[in-house]
Each structure stands twice: as structure tokens, then as C-alpha cells.
Amino acid sequence: MDDPYHNNVTKQGTGGGEYTYTQEGGGGGQDGYPYQADYPPQEEDARSDATEGADDDEQMYEGEYQGVPHPDEIKEARRAARLEARRKARQAAQQEEEEDNLPEQYETLMEDCGHGRFQWMLFAVLGLALMADGVDGFVVGFVLPSAEKDMCISNSDKGMLGLLVYVAMMVGALVWGGLSDKMGRRKCLIYVLSIDLVFSFLSCFAQGYGFFLFFRICSGFGIGGSIPIVYTYFTEFLQMDKRGEHLSWLCMFWMLGGLYASFTAWGIIPHYGWGFAIGTEIQIHSWRLFIFVCLFPALAALIGVIFMPESPRFLLEAARHDEAWMVLRRVHDTNWKAKGEPERVFTATNIKTPQTEEDDFIEIQSDTGTAFQRWTVRHMTMLQQVMANIMSLSAAELRLQGLFLLIVWFCLAFSYHGLGVWFPDMIKYMQYEEYESKVRVFHRERVERFHFNFSLVNQIHREGEYIHDKFANIEIKSVKFEDSLFENCYFEDVRSTNTFFENCTIKNTVFYNTDLWEEKFKDCKMENTTFLHPKKGCHLNFLEENDIVIYMVSFLGSLAVLPGNILSALFMDKIGRIRIIGGSMLASAACTFLLLLSFSQGAVICWQCLFYGTSVAAWNGLQVISVELYPSAKRGTAFGILNGICKFAAILASFIFAKFIGITKIVPIFLAFASLVCGGLVALKLPETREKILQ
């Protein structure tokens with residue numbers, strides 16, 4: 001019996017091989033009407049191209065005319081989508097499991113390679129790079145007293161030089177730290193050292209302040225990236241039980257950089273006779289030779305790095321499996337051959353590599369773009385990747401511990417570099433006070449027809465009268481003439497330092513071949529006064545500008561960290577990074593109170609050495625934990641940011657602490673104490689990483 005609710009679809013053929021579908025209704029009484037009869041019948045030229053030329057026996061789905069997929073096709077597509085989703089889920093789970101095993105696998109490989117000759121060679125090379133950074137930190141401070149006289153640098157420009165160099169180092173740490181995660185540790189370190197060498201060398205010959213400033217800024221931008229790269233690079237060649245100790249030994253090279261800079265400055269800069277001239281325009285004084293000698297550690301490091309391989313951990317992160325295997329084999333063979341076991345074979349054959357996204361670089365074809373365009377696109381894209389890497393550091397699992405680590409870096413750098421400025425400036429101020437206390441004052445003296453053939457030093461002459469006097473071939477140092485009369489006097493071959501004439505009357509007087517010029521006379525009245533062959537501009541006086549006490553202070557301060565370095569290296573893996581950092585910072589905070597007893601230059605030097613020796617352990621622990629806390633793909637970027645924060649804190653502290661020299665000791669000491677206590681307590685909240693496998 002027919003079902004009145006059942007519709008039968010039948011086929012009717014037409015003359016041209018076209019097909020229409022009619023519907024029979026069991027109880028509707030209608031037959032032969034087209035499907036979707038509400039629409040007018042299609043014209044022949046408007047019918048689907050897919051139906052033209054079809055066989056008479058082929059049955060078509062009526063929805064094809066409207067582009068509606070067949071229900072079977074929909075089911076098949078859904079089934080394929082479910083299968084693809086399951087496949088991706090299984091692949092993601094497998095990838096996550098493999099990536100979880102990557103750190104353990106790499107640690108096993110490093111243990112198989114052993115620790116020996118290769119790591120010690122790399123230790124020496126990277127130590128020289130770290131030493132170069134330490135040297136650069138002292139160069140500007142040592143040459144500035146001579147450079148400001150040689151190039152007529154004003155006080156404002158002098159302060160700007162130190163500030164901009166540190167800003168360049170801060171930017172360099174951020175940029176090169178990020179690039180090392182994309183370009184490689186070795187390649188970036190070569191760039192860093194090359195930039196430092198080239199521009200430091202050029203600064204030796206810069207005769208004007210503008211060029212000298214530019215070259216030192218470029219040099220600072222280069223060497224500023226060395227610390228993040230060096231620690232990241234060396235860490236990835238060490239196994240877990242060696243990291244803390246050997247990274248702490250590596251920190252000693254920064255101390256050696258300070259010793260090298262202090263010793264060479266002490267031995268070179270005061271020797272004016274060691275300079276020479278190139279033609280008539282370029283004068284190479286001894287302070288420029290000092291800058292040249294300071295290039296040697298960077299040059300030696302660059303030569304060594306060229307012969308070192310890339311970090312295998314970076315190569316694995318970049319999916320360069322074969323290169324990583326070759327490097328690991330080289331490490332293995334070098335170490336075991338040196339230990340007398342050359343027969344040992346590197347057995348690793350299947351090294352898992354992390355799944356990485358395809359390279360995002362956009363390559364412009366040679367026929368559609370120039371080589372410069374391709375270079376520009378590559379490097380702009382690389383910078384975008386670096387910025388994305390920096391932004392990704394704010395992930396939830398790293399946010400809190402990263403904030404704690406940043407606070408500790410800032411607090412330690414603020415106190416350390418702030419007091420690092422305060423110590424030498426305080427010594428200079430004490431020297432100045434002592435000098436001022438010995439000044440001799442002459443009031444209303446009258447000197448007539450006298451030949452001054454001896455130096456005048458640290459004197460004040462008020463309301464004096466000098467008639468028919470001769471000043472010949474002498475030095476006038478730290479002398480002030482106030483409201484005095486010079487009449488019919490003769491000055492010849494006079495050298496002056498910090499000497500001024502204020503409100504004086506000078507009549508019928510001749511100045512021949514002296515450096516007494518306009519800037520030396522303030523509100524003076526000149527009557528028939530003659531200046532012959534004056535020595536205009538700035539002139540070096542090495543006896544005045546190069547106090548060996550400053551070199552000795554820097555040398556002793558650098559040497560004082562040696563015991564702290566040794567102790568931190570020996571106990572870093574035994575008592576842990578956190579206790580080293582927290583204990584060192586809190587002990588350093590206690591040492592700051594001793595600065596209240598700084599009543600002499602000797603006491604300041606003593607407390608400086610004690611503070612440096614105590615705080616160096618915190619620096620070592622902080623640098624170790626910084627490279628262990630972050631994954632390999634972001635290790636250089638994170639360390640660069642932290643080191644950039646360190647440079648920023650140093651700039652801020654230098655500005656603040658210098659303001660209180662000669663005013664009060666309480667404020668700088670309190671700021672240093674509060675900063676160290678805050679940083680030490682926060683450090684105790686950091687996670688311990690001495691048994692942590694590099695992620």
C-alpha cells in the first residue's frame with residue numbers, strides 16, 4: 001500500500017540529455033511539477049555546465065544546481081576532519097613528550113662528552129671576552145682627566161660622555177642578547193668583539209670631542225652585548241654538576257679586566273713622553289696609547305672565538321641536527337683524547353630535535369628585488385622575531401620569578417655601581433679638602449721689581465700690588481689673584497693650572513708665550529696690555545691630572561674580589577645559588593654601615609675593598625641562576641634584558657650618589673643599605689636551580 005507521506009523521486013529524460021526531477025505525492029493529487037517549483041524554469045543557456053553532455057543513464061543530485069553539497073559529501077568531510085583532529089592531537093602529545101625528554105637527552109649527551117680540554121679552551125676564550133668588557137668599564141673613567149684637557153671638554157660634556165657610553169652598553173645588552181637566540185651565540189659574539197675593536201681603535205685617533213664620543217658610543221654598543229652572550233654560550237657546554245662552579249670561575253675574568261685596566265693606566269697615562277705625533281694635526285698622547293693597549297683582550301678573544309664551534313644547544317633549537325652532532329662529537333673526541341682514551345667513540349646517533357616553526361624570513365627573488373632589499377627584509381623580520389621573543393617572556397610561568405630576578409638585579413646593581421662612583425669621588429673630595437686646608441692667603445702685599453722664578457702653588461692673593469715684576473718660566477697652580485694691581489709687569493713661559501685673575505687691574509703688561517688668556521681673567525680691567533704668542537685652548541698637565549691614588553684605588557678594589565670569587569666558586573654547587581645571593585647581599589648591607597667611619601682616605605679604601613669582596617658572591621650567583629632559569633630559545637634574550645636593567649640601575653645610581661658628595665654620607669649609605677636588604681630578601685624567593693636541567 002502506498003504511503004501518503006512517502007515521496008518518490010523519478011527521472012524524466014529530455015531531448016538534450018538534460019534531467020529534471022519530479023515529485024509524486026501519494027495523497028497530493030499533483031504530479032509532474034518541477035522540484036522547487038517556486039522558481040521559474042531555467043533557460044537552456046543558464047543551466048549548470050556540469051550537466052551538459054552527461055550520459056542519459058547518469059543520475060544527478062538535484063542540489064548540485066544550487067551548489068549545495070551532497071549529504072554523503074558532508075558526512076565524508078566531517079569524518080575526515082575528525083580523523084585529522086585526532087592525528088594532530090596524537091602528534092601534539094608525541095611532540096610534547098619528546099620535548100619533555102629533550103633536556104634529559106642533552107644532559108646525557110654532555111655527560112657522555114665529559115668535561116675536559118675543550119671546556120677549558122672555551123673557558124679561556126670566553127674569559128678574555130669577559131675581560132674585554134671589564135676593561136671597557138674602566139677606560140672612560142681613567143682617560144677622562146687627560147682627555148678633557150686635551151680636547152677641551154666642558155664639565156657638562158664630560159658628564160654626557162660617561163652617560164651615553166653606559167646607555168649604549170645598555171642598548172647593546174638588549175639587542176645582542178636577543179639576537180643571540182636567533183643568529184647564534186658564536187656569530188653574535190664575533191660581531192660584538194669586532195664592533196668594539198674597530199671603534200675603540202678609531203677612538204685612539206679622534207682629535208675632536210664629537211668623533212671621540214661617537215666612537216666610544218659605538219664601542220659601548222658592541223661590548224655591551226658580551227656578558228649575555230658569554231654566559232649563555234659557556235653554559236650550554238657544561239653539564240649540570242659543573243655549571244655553578246665553572247661559571248663562577250668565569251666571573252673572575254671581569255676582575256682580571258679591572259686589574260689589567262688599572263695596572264696599564266697606572267703605567268702608561270702619566271708618562272707624557274710616550275706619546276708621538278702623526279703629521280701636524282694628530283697628536284697621540286699617552287692616554288690614547290692606553291686605549292690602544294686596552295684592545296688586546298678583545299683582539300685575543302676574537303681570534304679564539306673564530307676557532308670555536310657554535311653552541312650545540314642552539315643548533316638543536318634551530319633544528320640543525322647534523323651540525324649539532326658534529327660539534328658534540330668534536331667536544332667528545334677532544335676531551336677523551338686529552339684524557340688518554342682516544343678509542344672512545346661518540347655513540348649518539350639519534351638526537352631528537354624540537355619542532356620549530358618554519359623560517360619566517362621573506363625571500364625576495366633576484367628578478368623581483370635587489371640584494372639590499374633581501375637583506376633588509378631578512379633583518380627586519382629577525383628584529384620582529386626578537387621582539388616577539390622578548391614579549392613572550394611575560395608568560396604566566398615566568399612572570400613572577402622573572403620579576404623577582406629583575407628586582408634582585410636592579411637592587412644589587414644600584415648599590416654596587418652607586419658606591420662604585422661614591423668611593424673614588426669621596427677620595428677626591430677628601431684630597432680637595434686637605435688641599436684647601438693648606439691654602440696660603442696673602443693680603444695687601446706690595447711687590448716691586450721682583451723676579452718670580454719659582455712656582456706659585458695653592459695661594460690666594462687679595463688686594464696686592466705688583467710693580468715692575470717679572471714672572472718667567474714658572475708654573476702657577478691653584479692660585480687666585482683678587483682685586484690686585486699689575487703694572488709694568490712681564491709674564492714669559494708661564495704654565496697655569498686652575499689659576500684665575502678676578503677684578504684685577506692690569507696696566508702696561510706683556511704676556512709672552514703663556515697660557516694666560518681670556519678665560520683666566522674675570523671682570524678685569526686691561527690698559528695697554530699685550531699678549532704675544534699666547535697658548536690658547538686646553539693643554540695637558542700630566543703631573544696635575546693623573547693622580548696615581550685613583551689608579552691604586554681601582555686596582556685594590558678589583559683585587560679585593562678575588563677571595564669572594566674563590567669562595568663562591570667552591571660553594572656554589574654545595575650550598576646553592578639562592579643562599580649565596582641572599583647571604584652575600586645581606587652581608588654587604590651590613591658592611592655599608594662601616595662607611596660611616598670613613599674619616600680618611602685610607603678608611604674609604606679599606607671599606608671599599610671589604611664591600612667589593614663581600615658583594616662579588618652575589619654577582620656570581622645571580623649570573624649563574626639567570627642562565628639556568630630560562631629555556632634555551634629565550635636564554636640570551638632574558639639575560640640581555642636583565643643586564644640592560646643592570647646598566648640602567650648603574651646610570652641612575654651614578655647620578656644620585658654623585659649629588660651627595662661633600663654634602664652628606666648618610667643618604668648614599670642608607671640608599672645602598674636599603675637596596676641590598678630589599679634585594680637580598682627578594683632573592684630568597686627565587687627558585688633553586690643547582691639541580692635543574694637546562695630547558
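These legends describe close-up views of a predicted model. Local features need pLDDT of at least 70 and side-chain atom pairs pLDDT 80 or more, while totals for chains, interfaces and linings use all residues. Residues are numbered from 1 along each chain as its sequence is written, and side-chain values use heavy atoms, without hydrogens and water.

View A. Strand E8 spans residues 456-462 (strands are DSSP runs of at least two residues, helices H or I runs of at least four, numbered from the N terminus). Five of its seven residues are buried (under 20% relative accessible area; exposed is over 50%, partly exposed in between; 1.4 Å probe, protein chains only). E8 pairs in parallel with E5, residues 440-443, over four bridges (pairing needs at least two DSSP bridges). Here His443 stands opposite Arg462. Six bridges join E8 to the parallel strand E11, residues 475-482. His461 has Phe481 in E11 as its bridge partner.

View B. The whole structure holds 49 aromatic pairs (Phe, Tyr or six-membered Trp rings with centres within 6.5 Å; stacked under 30 degrees, edge-to-face over 60, tilted for the rest). Trp176 and Tyr191 form a tilted one, at 6.3 Å and 55°. Trp176 lies in helix H3 (residues 155-183) and Tyr191 in helix H4 (residues 185-203), 15 residues apart. Trp176 is buried at 7% relative accessible area; Tyr191 is partly exposed at 37%.

**View C. An edge-to-face pair of Phe450 and Phe454.** Their centres are 6.3 Å apart, with 65° between the planes. Phe450 is partly exposed, at 38%. Phe454 is also partly exposed, at 39%. Ring pairs link both into a cluster whose members include Phe452, Tyr466 and Phe481.

**View D. Lysines over rings.** Lys339 lies over the face of Trp336, 4.6 Å from the ring centre (Lys NZ or Arg CZ within 6 Å of the centre and within 35 degrees of the ring normal). The charged end of Lys520 sits over Phe500, 5.8 Å from its ring centre.
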